[in-house]
Amino acid sequence: MKPLPFDHPEMLARLERILVPPTMPISEAVDVLDRGGAGVLLVVDEDRRLLGVLTDGDHRRGILRSVPADDPCISIATRNPVVAPSTISAEEALEMMDHSRQFIVNQLSLLDDEGRVTGLVLRSDLVKSGDSDVHAMVMAGGFGMRLRPMTADTPKPMLSVGDKPIMAHMLGHLRDAGIKNVNVTTHYRPEKITEYFGDGSDFGLAINYVSEERPLGTAGALNLVKARTEPMLVINGDILTRVDFGAMIEYHREHKADMTVAVRKYDVPVPFGVIECDGAYVTKISEKPTLNFFVNAGIYLLEPTVHRFIPQGERFDMTDLIEKLVEAGRPVASFPVHEYWLDIGQHSDYARAQKEFSEASGEAVKA
């Protein structure tokens, strides 16, 4: 299919949806980013001169820096984006996206001689998108002891939320992200999982089951699958989430990480005044502060090279792997999840999932 010309009315209409002023609050800009459908916002002045671009990755890096949501969006925008003259050809645009940075660029702003925005080219305008080359592993072998008696005869990932199992929500989300090849680790009551999902064809997937004769941990089980050359997305089977897997893959590649760990902001209110001291003297008091942390969200993206850090036949968790990689000086990136996310580990979590699914009027849980 021949790409549309850059000045086609559809292309220009899309451009108008993603132009924002530098003073727009981050929270509002993120809403525009979600609705715009281009994966990028162009931050422009009153004369449409480009001041920066704002992507999903810029937003997540802002979260890691604890940038307030009411700050102006220019504060987290990339100020030196890849740009091109409005006269560029489709072939030249794709070449620039591929080679102008150390990572693949997915959008290209077109400017006139005065630096004013005249157009936007997306990689998807030039190259037909297919299934992701990333494959996935869903960890579904746990006993779910904290959810007894519901898990007395049912693996935790097979507990129903709405009209289907927890794991079915996850597998559908993987499929929708273009991830079609999925390994599923099993241990406790594996037949409950295999009988429901089969080979995955009814769900638009190709599922391979990996049986753990004894639990090997969230990382140790990776050695049970055949080594591949593409990255692997690993996710705990008891998570409900609408995290953007495509954005996570792009973020991982942009940061040239060996491993990317999804993290979730977690606030801990302290019900007392916190005293800071220098020796015997008080230097500061904070009345009932809230401490902010990023916690492990149970979703990981790994390059094949990390397998050499995983011992054969031993119990080895993802936390162990993260520590080993960090100690070895390998790049481990953190990907903040701001979308819906719920780890169903306790009865209260399961009740919350059911309530939120019901409030979504019988549709899949949304952010």
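**View 1. Strand S10 and strand S11 in the predicted model.** Six bridges connect S10 to strand S11 (residues 206-211), and the two run parallel. Between them the chain passes through helix H7 (residues 190-197), and this β-α-β crossover from S10 to S11 is right-handed. Within the pairing, Thr185 lies opposite Val210 of S11. The model shown here and in the other views is predicted.

**View 2. Strand S10 and strand S7.** S10 also pairs with strand S7 (residues 135-139), through four bridges and in parallel. Val138 is placed opposite Val184 of S10. S10 itself, residues 181-186, is mostly covered, with five of its six residues buried.

View 3. Ile193 belongs to helix H7. Its relative accessibility is 0%, below the 20% limit, and Ile193 is therefore classed as buried. Beyond neighbours within four places in sequence, the contacts of Ile193 are Ala140, Pro155, Met158, Met167, Val184, Thr186, Gly198 and Tyr209. Ala140 is 53 residues from Ile193 in sequence, yet the C-alpha atoms of the two are 8.5 Å apart in space. Val184, which is in contact with Ile193, is also the residue of S10 that stands opposite Val138.

View 4. Thr260 is located in strand S14 (residues 259-269). With 0% relative accessibility, where buried means under 20%, Thr260 counts as buried. A polar contact of 2.7 Å links the side chain of Thr260 to the side chain of His252. His252 is also among the contacts of Thr260 found when neighbours within four places in sequence are set aside; the others are Met248, Tyr251, Ile299, Tyr300, Leu301, Ala333 and Phe335.

**View 5. Helix H11 and its buried face.** Helix H11 (residues 347-359) has 13 residues, which at 1.5 Å a residue should span 18 Å; the end C-alpha atoms are 18 Å apart, in agreement with this. Asp349, Tyr350, Ala353 and Phe357 are the buried residues of H11. Viewed down the helix axis, the buried residues of H11 fall within an arc of 100 degrees, so they line one face of the helix. They pack against strand S8 (160-161), helix H6 (166-176), strand S13 (239-241) and strand S19 (341-343). Ser358 and Glu359 are exposed, and they sit on the face of H11 turned away from its buried side.

How values were computed
Residues are numbered from 1 along each chain as its sequence is written. This is a predicted model: local features need pLDDT of at least 70, side-chain atom pairs count only at pLDDT 80 or more; totals for chains, interfaces and linings use all residues. Side-chain values use heavy atoms; hydrogens and water are left out. Buried means under 20% relative accessible area, exposed over 50%, partly exposed in between (1.4 Å probe, protein chains only). Two strands pair if DSSP finds at least two bridges between them. A crossover is right-handed if, with the strands pointing away from the viewer, the path from the first strand over the helix to the second runs clockwise. A polar contact is a pair of N or O atoms within 3.5 Å; within protein, one must be able to donate a hydrogen and the other to accept it, and residues adjacent in sequence count only if both atoms are side-chain atoms. Contact means heavy atoms within 4.5 Å. The expected span of a helix is 1.5 Å times one less than its number of residues. The arc is that of the directions from the helix axis to the C-beta atoms.
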